[in-house]
Amino acid sequence: MNDRNFLERTKQFALYLAELQTSLDPESYALLLRILKGFNEAIVHRERGVDIPFSPREKELFTPEFGRVLTRLAGFLGPHGMQVVVGTHGTPSDAGPPGGADSGERDRHEVDAIARASGMRP
């Protein structure tokens with residue numbers, strides 16, 4: 001990765017984040033910042049996964065549009081962007097990931113394989 005590309009992506013990230021501060025409602029923006037903090041933890045501590053638990057209200061805020069915003073922001077991170085995987089598990093009221101109980105385990109193995117292929121330890 002060259003410095004110019006990194007600096008340009010950083011600038012675009014900052015500009016988009018500033019735009020989101022005015023366009024998102026305060027609850028959604030606070031959730032976005034909490035998720036970005038989790039992204040930072042994932043980047044700093046590559047050898048372990050980072051789970052960001054969501055309250056029922058935060059799950060409501062995580063709309064498809066919010067997911068697109070998050071994906072766009074993640075695209076500014078890293079030399080090839082960052083892969084964002086969102087799952088809603090861990091609470092009794094959740095039915096689990098689509099495809100049944102084994103689907104979440106398959107997803108985890110896939111994420112681990114992607115991490116290894118990228119030179120990271122899963």
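**Chat about the fold**

Modeller: The protein chain has five helices and zero strands, where helices (H or I, at least four residues) and strands (E, at least two) are DSSP runs numbered from the N terminus. This is a predicted model, where local features need pLDDT of at least 70 and side-chain atom pairs count only at pLDDT 80 or more, while totals for chains, interfaces and linings use all residues. Residues are numbered from 1 along each chain as its sequence is written, and side-chain values use heavy atoms, with hydrogens and water left out.

Biologist: OK. What share of the 122 residues is buried?
Modeller: Buried residues come to 24% of the 122 in the protein chain. Buried means under 20% relative accessible area, exposed over 50%, partly exposed in between (1.4 Å probe, protein chains only).

Biologist: And which residues of the largest nonpolar core touch the most other members?
Modeller: Leu-20, Leu-32, Ile-35 and Leu-73, out of 21 residues in that core. A nonpolar core here is a set of buried Ala, Val, Leu, Ile, Met, Phe, Trp, Tyr and Cys residues joined through side-chain atoms within 4.5 Å.

Biologist: Which helices supply at least two residues of it each?
Modeller: H1 (3-23), H2 (26-44) and H4 (64-75) do. The largest share, six residues, comes from H2.

Biologist: What does Leu-20 touch?
Modeller: Not counting residues up to four places away in sequence, Leu-20 touches Tyr-29, Leu-32, Val-69 and Leu-73. Contact means heavy atoms within 4.5 Å.

Biologist: Switching to H2: how far apart are its end C-alpha atoms?
Modeller: They are 27 Å apart, which agrees with the 27 Å that 19 residues should span at 1.5 Å a residue. The expected span is 1.5 Å times one less than the number of residues.

Biologist: What caps the N-terminal end of H2?
Modeller: Asp-25, with a side-chain oxygen 3.1 Å from the backbone nitrogen of Glu-27. The side chain of Asp-25 also makes a polar contact of 2.8 Å with that of Ser-28. For a polar contact, we want a pair of N or O atoms within 3.5 Å; within protein, one must be able to donate a hydrogen and the other to accept it, and residues adjacent in sequence count only if both atoms are side-chain atoms.

Biologist: Is Ser-28 buried or exposed?
Modeller: Ser-28 is buried, because its relative accessible area is 5%. Leaving aside neighbours within four places in sequence, Ser-28 contacts Leu-61 and Phe-66.

Biologist: Where's Glu-58?
Modeller: Glu-58 sits in helix H3 (residues 56-61). Its relative accessible area is 17%, so Glu-58 is buried.
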